[in-house]
Every structure is written in structure tokens, then in C-alpha cells.
Amino acid sequence: MAKKITVELCMGSSCFARGNSEILQAVENYISEKDLADQVELVGHLCLGKCNQGPNLRIDGTDYSAISPEEAISCIARALEE
Ligand code: FES
């Protein structure tokens, strides 16, 4: 059975200003291109409390900070392979 992961993207205003809207777009595109809707649960999160390190993303409880859209995609791809 395919692995499932939960991806929480910080939607607080600071992370949003630092580029989480581009990450959201990239992750949504990736999920639809790779047909991963059953495997990746994407949820918006309120402020994760690390505003000055944003944009912040959490995958299955592990936080990733100051990431680009490309890095977000590779983190998700890696999490699916683990
Ligand atoms: S707004 Fe994202 S950590 Fe605070």
C-alpha cells in the first residue's frame, strides 16, 4: 500500500509574505501532476511560531524552515520514499 504523509503549510501572514503562497501553488501542482491526492494530505496551518525562519512547512511532524518551492517538493518526494 502506498505511503501517506501529512503536509502542513504555515499560512500565517509572515510565512505568506515570505513566499508560502508560491509553495502552496507548487505543492498543489505537484500533487495533481503526480496524482498524489490519495497519498499527500495537504493542510493549511496557523502560525507555527517560527515566523522569522519562514516560509515554514511541516511534514509528518518534522519542520522545514526557509525553504523554496523546489525544496518543498523535494522534501515531500523524500518523505514519500522513506
Ligand atoms: S507565520 Fe509562519 S511561523 Fe509564524
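Begin with the two helices: select H1 (residues 13-33) and H2 (residues 69-81), whose axes come within 9 Å and cross at roughly 40°. Keep in mind that you're looking at a predicted model. Angles from 65 to 115 degrees would count as roughly perpendicular and those under 35 as roughly parallel, so H1 and H2 are oblique to each other. The crossing of H1 past H2 is right-handed.

Now show side chains where the helices meet. On the H1 side, pick Glu22, Ile23, Ala26, Val27 and Tyr30; on the H2 side, pick Pro69, Ala72, Ile73 and Ile76. Sorted by class, that contact has eight nonpolar residues, one charged and no polar ones.

In soluble globular proteins, nonpolar side chains tend to be buried together. Here the largest nonpolar core has 13 residues, and the ones touching the most other members are Val7, Leu9, Ile23, Val27, Leu57, Ala72 and Ile76. Two or more residues each come from strand E1 (5-10), H1, strand E3 (57-59) and H2.

Center on Leu57. Leaving aside residues up to four places away in sequence, what does Leu57 touch? The list is Val7, Leu9, Ile23, Tyr64, Ile67, Ala72 and Cys75.

Back to H1 for Leu24. Is Leu24 buried or partly exposed? Being buried takes 20 or more other C-beta atoms within 10 Å; Leu24 has 19, so it counts as partly exposed.

Hop over to Thr6, in strand E1. Thr6 is partly exposed, with 13 other C-beta atoms within 10 Å. Beyond residues up to four places away in sequence, Thr6 touches Glu41, Val43 and Asp60.

Most residues other than glycine have a negative phi, and most peptide bonds are trans. Select Asp60, in the loop between E3 and strand E4 (62-64): phi there is near 45°, a positive value in a non-glycine residue. Asp60 also has 13 other C-beta atoms within 10 Å, so it's partly exposed.

Ala66, in the loop between E4 and H2, also has a positive phi, about 50°, without being a glycine. Ala66 is partly exposed too, given its 14 C-beta neighbours inside 10 Å.

Last one: select Gly54 and Pro55, which are joined by a cis peptide bond with omega about 0°. Pro55 sits in the loop between strand E2 (40-45) and E3.

How values were computed: Residues are numbered from 1 along each chain as its sequence is written. This is a predicted model: local features need pLDDT of at least 70, side-chain atom pairs count only at pLDDT 80 or more; totals for chains, interfaces and linings use all residues. Axes are lines fitted to C-alpha atoms, for helices over the stretch in contact, and angles run from 0 to 180 degrees between N-to-C directions. Helices (H or I, at least four residues) and strands (E, at least two) are DSSP runs, numbered from the N terminus. Angles under 35 degrees count as roughly parallel, over 145 as roughly antiparallel, 65 to 115 as roughly perpendicular and the rest as oblique. A crossing is left-handed if the near helix is turned anticlockwise from the far one by less than a right angle, and right-handed if clockwise. Two residues are in contact if their C-beta atoms, placed from the backbone, lie within 7 Å. Ala, Val, Leu, Ile, Met, Phe, Trp, Tyr, Cys and Pro count as nonpolar, Asp, Glu, Lys and Arg as charged, and the others, Gly among them, as polar. A nonpolar core is a set of buried Ala, Val, Leu, Ile, Met, Phe, Trp, Tyr and Cys residues joined through C-beta atoms within 7 Å. A residue is buried if 20 or more other C-beta atoms lie within 10 Å of its own, exposed if 12 or fewer, and partly exposed in between; C-beta atoms are placed from the backbone.
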